[in-house]
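The sequence and the structure come first.

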Amino acid sequence: MASSQLRLAVVCFSNQNRSMQAHHILSRQGFNVRSFGVGSHVRLPGRSPSQPNVYDFEVTYEEMYNDLLKRDKQFYRQNGILAMLDRNMQIKPRPERFQNCEDQFDLIITCEERVYDCVVAHLNSREQETCQPVHVVNVDIPDTAEEATLGALVICELCHRIQKADDMENEIDRLLLQLEKKTRRSFLHTVCFY
């Protein structure tokens with residue numbers, strides 16, 4: 001399966017760090033990829049864990065960047081949030097919410113189990129129209145810049161392996177087992193239908 005043929009989505013909670021790092025790396029590798037979040041709002045770290053910066057999904061990455069510049073340029077530069085938003089602006093204008101997307105994908109990769117649960121529940125709540133299968137795979141990636149990069153590389157390797165497979169439907173379980181052994185990361189996998 002050629003990378004341009006594989007319709008791919010990567011999903012994390014707020015479409016900021018993990019899904020966007022994977023989106024960045026996969027698009028540079030020539031994959032047809034989109035990224036999403038599943039939360040009701042976008043949440044970025046604030047001065048304390050109990051006070052995150054909360055934005056609507058309609059707010060652009062540039063607007064978030066400018067807002068945080070005004071709030072505390074030094075703090076958000078030092079913790080890497082401004083650099084992350086700058087990267088995101090180069091990829092697409094704003095975060096997107098998975099539940100608002102009507103497009104169909106061949107493979108959806110989630111970055112944590114609660115996101116996987118949301119994606120699977122959403123897909124199963126929709127009326128089946130085409131009965132086209134979509135593979136949903138989860139790899140848990142801690143929400144830090146370093147882990148997002150490492151996780152994106154694992155996701156990229158998985159996508160390359162699937163791209164080389166003659167029959168994704170029959171080979172994906174074997175490919176996931178091989179990658180689990182190599183990376184020592186566990187994967188969840190299920191098939192839903194459009």
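Predicted model: local features only at pLDDT ≥ 70, side-chain atom pairs only at ≥ 80, totals over all residues.

Cys-111 is in no disulfide, and the nearest cysteine sulfur, which belongs to Cys-12, is 5.6 Å away. A pair of cysteine sulfur atoms has to lie within 2.5 Å to count as a disulfide. Cys-111 has a relative accessibility of 0% and therefore counts as buried.

Cys-131 is in no disulfide either. The nearest cysteine sulfur to that of Cys-131 is in Cys-192, 12 Å away. With a relative accessible area of 47%, Cys-131 is partly exposed. For reference, a disulfide is a covalent bond between the sulfur atoms of two cysteines.

Most residues other than glycine have a negative phi. Cys-131 is not a glycine, yet has a positive phi of about 60 degrees. Cys-131 sits in the loop between helix 4 (113-125) and strand 6 (133-139).

Arg-184, also not a glycine, has a positive phi of about 60 degrees. The loop that holds Arg-184 runs between helix 6 (168-183) and strand 7 (187-193). The relative accessibility of Arg-184 is 77%, so this residue counts as exposed.

## Overall fold

How many helices and strands does the protein have? The secondary structure comes to 6 helices and 7 strands. Along the sequence they follow the pattern β-α-β-β-β-α-α-β-α-β-α-α-β. Of the contacts between residues at least 6 apart in sequence, 74% join residues at least 24 apart.

For 194 residues, a compact globule would have a radius of gyration near 16 Å; the protein has 17 Å, so the value agrees with that rule. The C-alpha trace spans about 50 × 35 × 30 Å along its principal axes. Buried residues make up 47% of the 194 residues.

## Surface and charge

The accessible surface of the protein comes to about 9,800 Å². Carbon and sulfur atoms account for 46% of that surface.

Among the side chains, 23 are positive and 27 are negative. The centres of the two sets lie 7 Å apart.

## Helix 3 and Met-84

Helix 3 covers residues 81-91. The residues Ile-81, Leu-82, Met-84, Leu-85, Arg-87 and Asn-88 are buried in this helix. An α-helix has 3.6 residues a turn, so residues three or four places apart point the same way. The cover over the buried residues of helix 3 includes helix 1 (18-28), strand 3 (42-44) and helix 2 (61-78).

Met-84 is one of the buried residues of helix 3, with a relative accessible area of 11%. Leaving aside residues up to four places away in sequence, Met-84 touches Gln-16, Asn-17 and Leu-44. Met-84 and Tyr-116 are 32 residues apart along the chain, and their C-alpha atoms are separated by 23 Å.

## Two buried valines in strands

Is Val-33 buried or exposed? At 10% relative accessibility, Val-33 counts as buried, because the cut-off for buried is under 20%. Val-33 is part of strand 2 (residues 32-37). Beyond residues up to four places away in sequence, Val-33 touches Leu-8, Val-10, His-23, Leu-26 and Ser-27. Between the C-alpha atoms of Val-33 and Leu-6 the separation is 8.4 Å, with the two residues 27 apart along the chain.

Val-42 belongs to strand 3 and, at 0% relative accessibility, counts as buried. Which residues does Val-42 touch, not counting those up to four places away in sequence? They are Ser-14, Gln-16, Asn-53, Val-54, Tyr-55, Asp-56, Phe-57, Met-64 and Pro-95. One of these contacts, Ser-14, is 28 residues from Val-42 in sequence and 4.7 Å from Val-42 in space, C-alpha to C-alpha. Gln-16 is among the residues touched by Val-42 and also among those touched by Met-84.

Note on methods
Residues numbered from 1 in each chain as written. Heavy atoms only, no water. Buried < 20%, exposed > 50% of the residue type's maximum accessible area, 1.4 Å probe, protein only. Helix = DSSP H or I, 4+ residues; strand = E, 2+ residues; numbered from the N terminus. Contact = heavy atoms within 4.5 Å. Rg over C-alpha atoms; globule rule 2.2 N^0.38 Å. Areas by Shrake-Rupley, 256 points an atom, 1.4 Å probe, with all protein chains shown as cover. Lys, Arg positive; Asp, Glu negative; His and termini not counted. Charge placed at Lys NZ, Arg CZ, Asp CG, Glu CD.
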